[in-house]
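Colleague: Could you take me through this model? I would like to begin with the strands and then move to the helix and the side chains.

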Amino acid sequence: PCVDGFLRRQPLPEGCAEPMEPELLEGLVRRVAASISVIPGMEVVMKNSLSPALWQPSFIICIGSGQVRVLTLAFVGDPVSGDRPSSKSTPFVLRLVTPDLV
């Protein structure tokens, strides 16, 4: 929380694990950042001979039960409907889930 422009560390609620060591946290952040990319999705569409496009890709970071995963969702394949990249869609949705990144 921010009070008067200063960040203050709050005590952890009972039952919460201790924060990660800075080196471990930095590695986790790098793995998450690398997973927030269209490259894995493009590899899948190319491997399956689909049109080389991901429409409206979304990246969701899932955190819980000591795990961190990145979920990627995007419209793929044909036929494509919509006139702008932000409104293009297809009948098919690609869903990719990373392994646990912790």
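Colleague: Before that, what kind of model is it, and what confidence limits apply?

Modeller: It is a predicted model, in which local features need pLDDT of at least 70, side-chain atom pairs count only at pLDDT 80 or more, and totals for chains, interfaces and linings use all residues. Residues are numbered from 1 along each chain as its sequence is written, and side-chain values use heavy atoms, with hydrogens and water left out.

Colleague: In which sense do E3 and E4 pair, and over how many bridges?

Modeller: Strand E3 (residues 55-64) pairs with strand E4 (residues 67-76) in the antiparallel sense, over 8 bridges. Strands here are DSSP runs of E with at least two residues, helices are runs of H or I with at least four residues, and both are numbered from the N terminus. Two strands pair if DSSP finds at least two bridges between them.

Colleague: Which residues of E4 are the bridge partners of Phe59 and Ile63?

Modeller: The partner of Phe59 is Thr72, and that of Ile63 is Val68.

Colleague: What pairs with E4 besides that?

Modeller: Strand E5 (residues 92-97) pairs with E4 in the antiparallel sense over 6 bridges. In this pair, Leu73 stands opposite Arg95 of E5.

Colleague: How many residues lie between the strands in the hairpin of E3 and E4?

Modeller: The hairpin has 2 residues between the strands, and Ser65 there takes a positive phi near 50°. Ser65 is exposed, with a relative accessible area of 77%. The terms are: buried for under 20% relative accessible area, exposed for over 50%, and partly exposed in between, with a 1.4 Å probe and protein chains only.

Colleague: And Ile60, what does it contact?

Modeller: Ile60 belongs to strand E3. Leaving aside neighbours within four places in sequence, Ile60 is in contact (heavy atoms within 4.5 Å) with Arg69, Val70, Leu71 and Leu73. The C-alpha atoms of Ile60 and Val70 are separated by 5.6 Å, although the two residues are 10 residues apart along the chain. Ile60 counts as partly exposed because its relative accessibility is 34%.

Colleague: Now the helix. What span should H1 have, and what does the model give?

Modeller: Helix H1 (residues 22-35) has 14 residues and should span 20 Å at 1.5 Å a residue; its end C-alpha atoms are 20 Å apart, which agrees. The expected span is 1.5 Å times one less than the number of residues.

Colleague: Which residues of H1 are buried?

Modeller: They are Gly27, Leu28, Val32 and Ser35. Seen down the axis of H1, these buried residues fall within an arc of 135°, so they line one face of the helix. The arc is taken from the directions from the helix axis to the C-beta atoms. Pro22, Glu23, Arg30 and Ala34 are exposed on the other side of H1.

Colleague: What covers the buried face?

Modeller: The cover of the buried residues of H1 includes E3 and E4. Ser35 gives a detailed view: leaving aside neighbours within four places in sequence, Ser35 is in contact with Phe59, Val70, Thr72, Thr98 and Leu101. Ser35 is buried, with a relative accessible area of 14%.

Colleague: How many salt bridges are there?

Modeller: The count comes to 2 salt bridges, where a side-chain nitrogen of Lys or Arg must lie within 4 Å of a carboxyl oxygen of Asp or Glu. Glu26 forms one with Arg30, the closest N and O atoms being 2.9 Å apart. Both Glu26 and Arg30 lie in helix H1, 4 residues apart, about one turn of the helix. The side chains of Arg84 and Asp83 also meet in a salt bridge, at 3.6 Å from N to O.

Colleague: Last topic: which peptide bond is cis?

Modeller: The bond from Asp78 to Pro79 is cis, with omega near 0°. Pro79 is in the loop between E4 and E5. Most residues other than glycine have a negative phi, and most peptide bonds are trans. Ser49, which is not a glycine, has a positive phi of about 55°, and is placed in the loop between helix H2 (39-47) and E3.
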